[in-house]
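Biologist: Before we go into any detail, I would like to learn how to read the features of a model such as this one, one at a time.

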Amino acid sequence: AFKVQVNSTGETYTVGENETIVEVLEANGIEIPVSCEQGICGTCITRVLEGEPEHHDMFMTDDEHAKNDQITACCSRSKSDVLVLDL
Ligand code: FES
């Protein structure tokens, strides 16, 4: 599990093994637009302010992945304990 922090509110939410970032945020009233939910379309891309994403999408290039400044929230996860999202 890892945590996501919503930058605008400072609230932190735990994302368990069997949940996605999008699911956890939605359950807490924060909606990220999604389409494919499989890492293909890029609809759910969210800016990352701190932390190291674990990318599981096929949408971004290797260079974009290496920058670690955005994440496909439908399917990607986190290598760091906390990911701070620009939300
Ligand atoms: Fe398509 Fe996340 S909804 S990549």
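Modeller: Not counting residues up to four places away in sequence, Glu-52 touches Asn-68, Ser-78, Lys-79 and Ser-80, where contact means that the C-beta atoms of two residues, placed from the backbone, lie within 7 Å. This is a predicted model, in which local features need pLDDT of at least 70 and side-chain atom pairs count only at pLDDT 80 or more, while totals for chains, interfaces and linings use all residues. Residues are numbered from 1 along each chain as its sequence is written.

Biologist: Where does Glu-52 lie, and does it count as buried or exposed, or as something in between?

Modeller: Burial is read from a count: a residue is buried if 20 or more other C-beta atoms lie within 10 Å of its own, exposed if 12 or fewer, and partly exposed in between, with C-beta atoms placed from the backbone. Glu-52 is found in the loop between E3 and strand E4 (53–54), where helices (H or I, at least four residues) and strands (E, at least two) are DSSP runs numbered from the N terminus. Glu-52 counts as partly exposed because it has 14 C-beta neighbours inside 10 Å. The C-alpha atoms of Glu-52 and Leu-83 are 6.8 Å apart in space, although 31 residues separate the two in sequence.

Biologist: How should I read the sheet, and in which order do the strands stand?

Modeller: Two strands pair if DSSP finds at least two bridges between them. On that basis five strands form an open sheet with mixed pairing, in the order E2-E1-E7-E3-E5. Strand E2 (12–15) and E5 are at the edges and have a single partner strand each, so one side of each is left without a neighbour in the sheet. On average, and with direction ignored, neighbouring strands of this sheet are turned by 40° against each other, the axes being lines fitted to C-alpha atoms (for helices over the stretch in contact) and angles running from 0 to 180 degrees between N-to-C directions.

Biologist: Which residues stand opposite one another in these pairs?

Modeller: Strand E1 (residues 2–6) runs antiparallel to E2, with four bridges, and Lys-3 has Thr-14 of E2 as its bridge partner. E1 also has four bridges to E7, but this pair runs parallel, and there Lys-3 stands opposite Val-82. Strand E3 (residues 45–50) is joined to strand E7 (residues 82–85) by two bridges in the antiparallel sense, with Glu-50 opposite Val-84. E3 also pairs with strand E5 (residues 70–72) over three bridges, again antiparallel, and Thr-46 has Ile-71 as its bridge partner in E5.

Biologist: Which residues take a positive phi?

Modeller: In the hairpin of E1 and E2, with five residues between the strands, Gly-10 has a positive phi near 80°. Glu-37 is not a glycine, yet its phi is positive at about 55°; this residue lies in the loop between helix H1 (21–27) and E3. Asn-68, also not a glycine, has a positive phi of about 55° and lies in the loop between helix H2 (62–67) and E5.
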